[in-house]
Structures are given as C-alpha cells and as structure tokens.
Amino acid sequence: MKREKDYKRGPNESYMKQRQIKKVHQLSIRDTVGEWNMKAIKADTLKMNNVDPALIQVFASGSDSYTGNRVKVAIIDSGVDYTEDIEVYMRKNFIPGEDGISVLYEDSIGHGSSVAGIIAANGSNIGITGINPNVLLYSARVLDRNNSAPVSRVVEAIYWAIERKVNIINISFGTAVNSEALKQAVKDAYNAGILLIAAAGNKGKLEYPAAYDEVIAVGSINSKGIRSKGSPISSKIELVAPGEQIITIGDLGGMLVSSGTSMAAPHVTGAASLLWQKDLSVSGEFIRKLLVFSANLYGDSREYGYGLLDVEYALEQYDAFKAAYTEEKPLDSILKEAQEKGELPDNTRYVYAFNDVDYVKGSWLSDAHYAFAEENSSESGNPLTDGAIAVVKLGAIVADNELSGFNSYPQFHGFMTKQTGSIYQSNYLASYLYLTHKAVGLYNNTSPVVPLYLTGFDRSGIDTYLTTNGFNGKSWSTLLGGNTVNERNKALFVFGMAMHSVTDLYAHSTYTPEGAYINHAMGADLTTFYPNRYACARQMAQILISHIKRFEPGDISDFYAVATGQYDGTYKMGRLSQYVKSVDLAFYNANSDAFENMNINR
C-alpha cells in the first residue's frame, strides 16, 4: 500500500489517505439486479427498503403529512419533469418568461430529471430506484433549452436554497470562469451549514463551483472502475462515482442513458442524504468526512480524490465514526486514534467491474431496460434519442411562448371555448388528433389527412398558425433552434405541439366531481390539486410517445386507455363523451361506460 501525500480539501481539512491495491470483482450486467452504477457504489441492496413505510403512504395519497427524517436536497439544474417516479416537494423556475411551462415537460433538456432520478427515483413506475427516495427535493430550474444559464441565475438559485434551509445543494454543471458572486454565494451556503456537491467537469479541467474548497468536487469512473476520459485530474477532486452510461429518469418520465461527471455528482448527493437522515442534528462536515473516510482509494488521488463512493461501507461504519468524530480534530487524528483501537479500518473492498455495459449513448425509452442494448437501437424499434425528445419538447413549449391564452387559441391548449350560451366552438380531442395528422404529413412530406369530424373552426384555428413553412410566422430554422431542419424534426416538433394540447386539457378542461370548473385561481396548474389529473396527463404523454416512435397519428383509443388506466374518478372531463361521439360514434357506443364515468356535461 502507498501512503498518499497530504493535501487540503475543504476550508480547514487536511487528510492523508492510503491507496489500496485495487482488487477487482468481475460481473456481468445481466446477472446484476438493478443498475450497474448502484452496484458499483454498493447501494444496490438498499432500494425501497430504506424508505419509511409512512412515506410510501404519502407517495400513494399525494399528501404532505410525513414528519420523519427527510433531508432537504436542492437540485440546481434544468428542472425536473413531473413523474410518479420522482416526488418534487418544491419547484422554482428562474428562467424569465418560462414560469408558465407545464411541469410535465419543464425540463427542456432532460438533465435535471436524470440527476433527480439518480438521487431519489422511487421505482413506482418504470422500475428505476434512486439512492434515497426519502429526500425532500427542491428543484431550481436555471438551465435553459440551450443548457446554459448566466452566473447571476445560479447565484439567485443558491440563495433561494439557503432561504429554504436545505441540507444539500447538488450542482451538476460548471463554468471555467471564477465568478466572485458565485464564490460568495457558495461561501454563504457553506456557512449556513449546507453541504455543496458539484460535478468536476468533463473537459479535463476542474470547473467552478466544484473548484471551490467549500464544495465536494466529484469525478467520474466508467463501468470498469477506471477514471472516465475527460474527468479532471486535480488535487481538488474529492470523490469519484459512476458517470458513464447511466440509466436514469429522463424526459417525460422515460428512461435515459446519460454520461459525465454531472451524473456522478448526484450519486454522492444521494449517499450523503442517506447518511444524514440517520441523524439530522449532525453537521454537513460530519457527513463530508464520513464520505471521504469510507471511500475506496485505489488510484492516484489527483484522479480519484479520496476514492470511489461506497455507500454500504459508509453505513456500516456510521456508528463507529460518529462515536469517534469531533469537530475540533482533523480527520487524520480521528482516524489514527480510532485505528489504534482497532476501529474504523480503511476501505479495502473489491471494486466491481462490469464487462458488458453497452447501452446506446443518448438513447431514450419509456419501457424495458434492455431495449437500450446496441442490438435494439434501430429506428424501427423504437428507442428515440434524447435529441429527438428534445425537439418534441421544443414543440411542447412553443404554444405557451407564441400563442399564450387558452381562451383565444383553444386548439393548442386543450380547451373548449364557449361561443354563446351552451354552444362550444372547439373540440380538444379533435384538435389533438389533427395536430398528430399534421405531424405525420410533415414527416411524409404530404398534405395532412383532414379528418371528417374536424370542424372548420378547429381546422382554421390550427392551420392559420401552423403551416408547412413554420409556426406563427416563424421559420423552421428559428423554431428548431439549431437542430437540423428536415421532415423528421418538423414532425417531432409538431408532435410536441400535440403533446402540449392533449396534456393541457387535463388542466384547462377539468371539473370537480361536484361540477366546479378547475380554474387557475383554484389551482389548475398545481400537481397536488386533484393530482390524478397529472397522472392521467403523463399517461397520455406516454401514449403519444408510442405514436411518435412509429410516426403515426394519435387515435381515439388513446383517451379510452387513460379512462380505463390512470383515471381514478376524483375529477371529471368537460364534454368528453360529446367529443368522443363526434369523432367516432361506434367507438363511443362500444365503450360508453368508461367515457361516461369520466364525463361531465358543462
């Protein structure tokens, strides 16, 4: 074993750590329960058994009555899409002019959702479980659709997190520029007792805020336990964690394969929260030093910091470390005294190496894990790339940016506009279907099919703004924002518009069972207000995605699937039965019970 040279990490910490002889245990991903990255940090046996049963009831009920130990984690990132797999306690959108975007697709690049999935996915839907679903997540949306944010926006989010008295801040991005404002915000968060964890960067040079002493800088390893190419080499690297080909929650509640130190950092955040919830009275420095001590160092400290995160070992040594720990002594002294007593031995465990982790980078899917494998990556199959999903999301937010006001543009916002008295002009169901036909027409470079059930009012309302040349007078090159202008991307963009319309109807055309219209003042845009509306909207988004994969139009049966699937009877859909009848009377007659159960005549 080789004794590492002394180096400083943290405002007042100095610690020498022994480098171990690397012992490798070869595994196959096919023989591993769960994801390889969870096995690599020895968190694979934790899963939902770490969640208090009382919290599971909270998940099920949608209430906020849980009073157990929950660590408050702020994710400063690109937002977190609404999904049953991730419970977000509080959201704040710091991007000007975009605070009205639906939480179903607020994360325009899928990055924040992936980070949140590693930390806290609860496994309730697609089967991915994060390290600690027990946390209270605070989502600060600062990264825009171009994956960028001014430093001032990040600083604002840090102070927002400080005001919320969070325990941990995760920042999975960085900048090469040392900003005094950012440095001060980081210091203020540290002095407030917050544990700050940040991605080290992917271009070989340590970035800020990870470079600040107050922050745990996290580097990345691959599935063989080797430092990832691009993960910085620096004396300020503190820990490493898996950061290549990580399957986690992606856009719209699907699964995404992601890579980078930005994926490594949330592993450390999840582990820190898991340790901290054992006793919320301990300090962030205690948790930081426990993580440092328990990590497995088998390589150069400039590449691996204090070593590879080991959740199991940290939990095993927690009580002994807590008994020996004191804020007044440096970590070296604490460990020396403990080891003289035969306590707190160095981590000399095996490092797992996986030989067959071969996911398609950037692939996105809404179901089976192994469809990520190389042999299943063809277009006929079906995984969409995260780039394709990003184009869909551009379409999903364009109506709010270009034609806001669901009263004036009901076809794009899932709304049934009333003309006079009880005469309704717009059929939200027909508008959704026509938008998908428009998408298919663009993909095939043909005129879209105009369904017979489509009224002149709805056709005009759509065709006036959405043409073969673009939307609302803006060209495709402008709308697609740097993505290639071709038939495929045009179609994906319009499919996104259809997604906006069909998911918005669960906010704009719903009623209480007693017949009261659920308006914005009442809480139409709150996921906690009649929460089944959002569960149904997400199911509808997933159904539409299945059409997008095949570049086919939506179908009346999409609404039947929701009515007999996620719908639980706690709210009603305005005029659903009438609209189904107008589209396909035979289908309504065959399935009238399901539609009438969901319908209210308003």
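A cavity here is a set of points, on a 1 Å grid over the protein atoms alone, where a 1.4 Å probe fits but cannot get out. Everything below comes from a predicted model, in which local features need pLDDT of at least 70, side-chain atom pairs count only at pLDDT 80 or more, and totals for chains, interfaces and linings use all residues. Residues are numbered from 1 along each chain as its sequence is written, and side-chain values use heavy atoms, with hydrogens and water left out.

**Figure 1. A look inside the second largest cavity.** Searching the whole structure turns up 3 cavities of 30 Å³ or more. Helices α1 (36-40) and α3 (111-120) and strand β13 (246-249) each put in at least two residues, and β13 gives the most, with 3. Helices (H or I, at least four residues) and strands (E, at least two) are DSSP runs, numbered from the N terminus. By type, the lining splits into 5 nonpolar, 4 polar and 1 charged; Ala, Val, Leu, Ile, Met, Phe, Trp, Tyr, Cys and Pro count as nonpolar, Asp, Glu, Lys and Arg as charged, and the others, Gly among them, as polar.

**Figure 2. The second largest pocket.** A pocket is an open set of points with protein on both sides within 12 Å along at least five of seven lines. This one holds about 750 Å³ of space. It has 35 lining residues, and His 111, Asn 147, Ser 172, Phe 173 and Ser 262 are the closest to its centre. Two or more residues come from each of α3, α4 (151-163), β14 (255-258) and α6. The lining has 14 nonpolar, 16 polar and 5 charged residues.

**Figure 3. Leu 291 in the largest nonpolar core.** A nonpolar core is a set of buried Ala, Val, Leu, Ile, Met, Phe, Trp, Tyr and Cys residues joined through side-chain atoms within 4.5 Å; buried means under 20% relative accessible area (1.4 Å probe, protein chains only). The largest core has 114 residues, and Ile 76, Ile 158, Ile 169 and Leu 291 touch the most other members. Helix α6 (residues 261-276) supplies the largest share of this core, 9 residues. Setting aside neighbours within four places in sequence, Leu 291 is in contact (heavy atoms within 4.5 Å) with residues including Ile 216, Val 268, Leu 275 and Leu 309. A second, separate core of 76 residues includes Tyr 82, Tyr 105, Met 416 and Leu 505.

**Figure 4. The cis peptide at Pro 209.** Tyr 208 and Pro 209 are joined by a cis peptide bond, with omega of about 15 degrees. Pro 209 sits in the loop between β10 (195-199) and β11 (215-221).

Figure 5. Gln 245 is not a glycine, yet its phi is positive, about 50 degrees. You'll find Gln 245 in the loop between β12 (239-242) and β13, where it is buried at 18% relative accessible area. Phe 551, also not a glycine, has a positive phi of about 50 degrees. Its loop runs between α17 (532-550) and α18 (557-563), and Phe 551 counts as buried, at 8% relative accessibility.

How values were computed: 1 Å grid on protein atoms, 1.4 Å probe; cavity = no way out; pocket = protein on both sides within 12 Å on 5 of 7 lines; lining within 4 Å. Points joined across faces, edges and corners; volume = space filled by probe spheres on them. Buried < 20%, exposed > 50% of the residue type's maximum accessible area, 1.4 Å probe, protein only.
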